[in-house]
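User: Got a two-chain model open here and I'd like to talk through it. Can we start with how the chains meet?

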Amino acid sequence: MVATENGQTKKALSPEEQHPRKAFGWAVSDASGILSPFPFSRRNNGDDDVTIKILYCGICHSDLHTAKNDWSNTMYPVVPGHEIVGTITEVGQNVRKFKVGNKVGVGCMVNSCHSCHSCKQEFENYCPGVKWAYNSIDVDGTKTYGGYSNMIVVKENFVIAFPDNMPLDKGAPLLCAGITVYSPMKYHGLNEPGKHLGVVGLGGLGHVAVKFGKAFGMKVTVISSSPHKEKEAIERLGADAFLVSSDPIQMQAAMGTMDGIVNTVSAAHAIMPLAFLLKTNGKMIMVGAPDKPLQLPVFCLIFGGKSLAGSCIGGIKDTQEMIDFAAKHNITADIELISMDYVNKAMERLAKADVKYRFVIDIGNTLKAA
Amino acid sequence: MGDRSHYESIRNARISENKKWRKSRQTKTGCALIALKKKESTLTGYATGKHSLSSTLEIVMFSLFEEKKDGTNWDRNLRRERDMAREEQILGWAARDTTGVLSPFIFPKRATKGDDITLKILYCGICHSDLCTIKNEWRNARYPVVPGHEVIGVVIEVGHDAHKFKIDDKVGVGYLASACLSCENCSLDYENYCRKRVCCFNASLPDGTKTYGGFSSMMVINEHYAVKIPENLPLEKVAPMLCAGITVYAPLKHHGLDQAGKHLGVLGLGGLGHLAVKFGKAYGMRVTVISSRPEKKKEAIEELGADSFIVSNSAEQMKAAMGTMDGILNTSSGPLSLRPLLSLLKTYGKLILVGSPIKPPELPVFDLLSEAKTITGSMIGGMEELQEMIDFASEQNIIPQVEIVAMDYVNTAMERLEKGDVRFRFVIDVANTIHST
């Protein structure tokens, strides 16, 4: 029972009652990671909210990690998806930035505390109270559900405007993959013409890093364990060079040549050979999150003044800046558009890195209510 | 040849002439050694500047004369140091095998090139790296090894192309004896990261000559790798600055951990750590010492001026300090557990490693990602930074805390260093004790 304003009591509403709007999506119920149709509910559109009809949602490796409880923090049932694109169908009375019909995106975050040091610097991604688009407990105590669903209600401040020339399906992965590489490249000075950027791993994050690197006027070398990706990297993505990480001769020849490296690999791997590629005072930015600890090559860092820095997506302001930059330079993700019921197969293929380079679910056309 | 009083009168007349001459010609180089042999005594001195000297003793200027009024003393001192510079052998203490036990060892003085200087070594600090090298822990010892890279000396010889120093200058020499001076790192004054850098001991110069360190009576070094020691720094205490000092100074500066109001954690309170505390306080930072030894608290707070002290094994104390530090400087070389240390950092915080554990620690990548933290390494500093650091220490009166020992105490000192039993650096009184060994 809860007290009301006039002193009477009433029964507390259940989460579903608090969220009276019916929605449907696909959810994972256990660590098998298998997705299946799932009806649930969303909150009403508040004064600061917009309601978005979801058209597309990218599949991020984090979705797979969460589905399988790799990080031991999954609250089943979970509706994944944080590369969400759609059109606005309703706006709250305080909303100023958007109107009905606007094409917009939602990334990894749907709320933050707005008062901590990080929030004040517009780095909501580092707010200790940040609310993720899925698998998080929102300020009203309810669980958040992500973009593998037909609609979402989000605070205006966490919505990204999509420029007219940005295609919705190919732009969706930028909302996570794009900002994840753009933000650290910006903050660590790896966005200056003439500098040499290494990109480890050529997947969803890696291929976007190559595109941004070239747009910044940098020399870009892709480092990959898959030799067959070389043609693709050089000819299609525009990388300047390609190193096979298991080839000691190639790796040695490139020692001490890179100003920075964006390491997108989320599997366990050896950092030391990569750290040797850095120039003195060079930086390796870790954006992939292996679930097991790696070995830190201390001597290599000491004998070159080198750094390893971590980075996790970016703030809302940077996300908008990144989308605008991408639109200006015609940067989109390379995608494979799939139907909703292909999602389990897509997850299996993603686990084997069998995708060029991001699956995007055609939600608008293929997600049907159960 | 004439008698002594005749030469003294020439000398006195020339001194005042040369004072004026020297002021105007101070940057001119050249050092010529003149010796007069006259029966039972020898009149010696150094002439600077370009002069041709006749064998009939056109003695022009003696930089050492002015300081020694007593006719007999200067004559004797001059003779000793002049003789020293001319010696072809140097007495040092070397380790001959992996026991690391040091004992007297004679080695050749290397041929001096135009921009070399020769130092009479006064003091030399004992660094943990010396210990690791003589015991071959890094598997690179080339026995016999004469260690020592925190060298304080007085210049007794100046090459004809050397411009930086003059006779009798007090100088310091650190880790570096040579670098290529043409690569990208050297051009940015990062000789410490030059791929062709050569250490002042246990290494070979580009011409193949082996280098021997500061546990010895004399050192020949290219002037680029020596720094001037300001007069207010006590020579017997300043030696550790040449390695320990620069090792902490350079990364604190490079990573913005030299700003008033920021919070610096210092892990380990030894030779490096105690200097990091002193620098941190000089910058106006809040400094917290993190140590596994609770007994160091009093010293950290009361003697070194740290603001607080955390015992690293205390989960409670570590938890209370979570997310409070802008940076942590790890000066210890013991086993490293990264997760608890990273948790002490604020968002965007940096963990600087200047000591390296033998076993690579586990890196919890998620802990870096989730709060944009950085782990970085650093090794000594460039020559420009080294002089800058010494000058800053001179202005701020930052002086290492040392235990001065005789040369023949060195093996005991090494044993005690291994156990961390020193406040906070051993310094060998080389000049006064090496020849008695």
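User: How many salt bridges are there between chain B and chain A?
Analyst: Zero between chain B and chain A, where a salt bridge is a side-chain nitrogen of Lys or Arg within 4 Å of a carboxyl oxygen of Asp or Glu. Keep in mind that this is a predicted model: local features need pLDDT of at least 70, side-chain atom pairs count only at pLDDT 80 or more, and totals for chains, interfaces and linings use all residues. Residues are numbered from 1 along each chain as its sequence is written, chains are lettered from A and ligands numbered from 1 in the order in which they are written, and side-chain values use heavy atoms, with hydrogens and water left out.

User: OK, and how many residue pairs are in polar contact there?
Analyst: Between chain B and chain A there are 10 residue pairs in polar contact, both residues being at pLDDT 80 or more. A polar contact is a pair of N or O atoms within 3.5 Å; within protein, one must be able to donate a hydrogen and the other to accept it, and residues adjacent in sequence count only if both atoms are side-chain atoms.

User: Which elements of chain B give two or more residues to that side?
Analyst: They are α4 (184-187), β16 (345-353), β17 (362-363), α11 (365-369) and β18 (374-377) of chain B. Helices (H or I, at least four residues) and strands (E, at least two) are DSSP runs, numbered from the N terminus.

User: How do the residues on that side divide by type?
Analyst: The side of chain B that touches chain A has 19 nonpolar, 11 polar and six charged residues. Ala, Val, Leu, Ile, Met, Phe, Trp, Tyr, Cys and Pro count as nonpolar, Asp, Glu, Lys and Arg as charged, and the others, Gly among them, as polar.

User: How much area do chain B and chain A bury between them?
Analyst: About 2700 Å², with 64% of it on carbon and sulfur atoms. Buried area here is the accessible area (1.4 Å probe) that two parts lose on being put together, summed over both.

User: Which residues of chain B lose the most area?
Analyst: In chain B those are Tyr348(B), Leu363(B) and Leu369(B), which together make up 21% of what that side buries. As for contacts, 36 residues of chain B touch 34 residues of chain A, contact meaning heavy atoms within 4.5 Å.

User: In which sense do β18 of chain A and β18(B) pair?
Analyst: Antiparallel, over three bridges, with the chain A strand spanning residues 307-310. Two strands pair if DSSP finds at least two bridges between them. Leu308(A) has Ile375(B) as its bridge partner in β18(B).

User: Is Arg110(B) buried or exposed?
Analyst: Buried, at 16% relative accessible area, and Asp116(B) is also buried, at 3%. The cut-offs are under 20% relative accessible area for buried, over 50% for exposed, and partly exposed in between (1.4 Å probe, protein chains only).

User: What about Glu418(B) and Lys135(B)?
Analyst: Their side chains form a salt bridge at 3.3 Å, N to O. Glu418(B) is in helix α13 (residues 410-418) and Lys135(B) is in the loop between α3 (128-134) and β6 (151-158) of chain B, so the pair ties together parts that are 283 residues apart in sequence. Glu418(B) is partly exposed at 43%, and Lys135(B) is partly exposed at 27%.

User: Now His82(A): where does it lie?
Analyst: His82(A) is in the loop between α2 (61-67) and β6 (84-91) of chain A, and this residue is buried, at 7%. Leaving aside neighbours within four places in sequence, the residues in contact with His82(A) include Cys57(A), Cys60(A), Cys108(A) and Cys176(A).

User: And Pro39(A), buried or exposed?
Analyst: Exposed, with a relative accessible area of 60%. Pro39(A) lies in strand β4 (residues 35-42) of chain A. Beyond neighbours within four places in sequence, Pro39(A) is in contact with Ala23(A) and Phe24(A).
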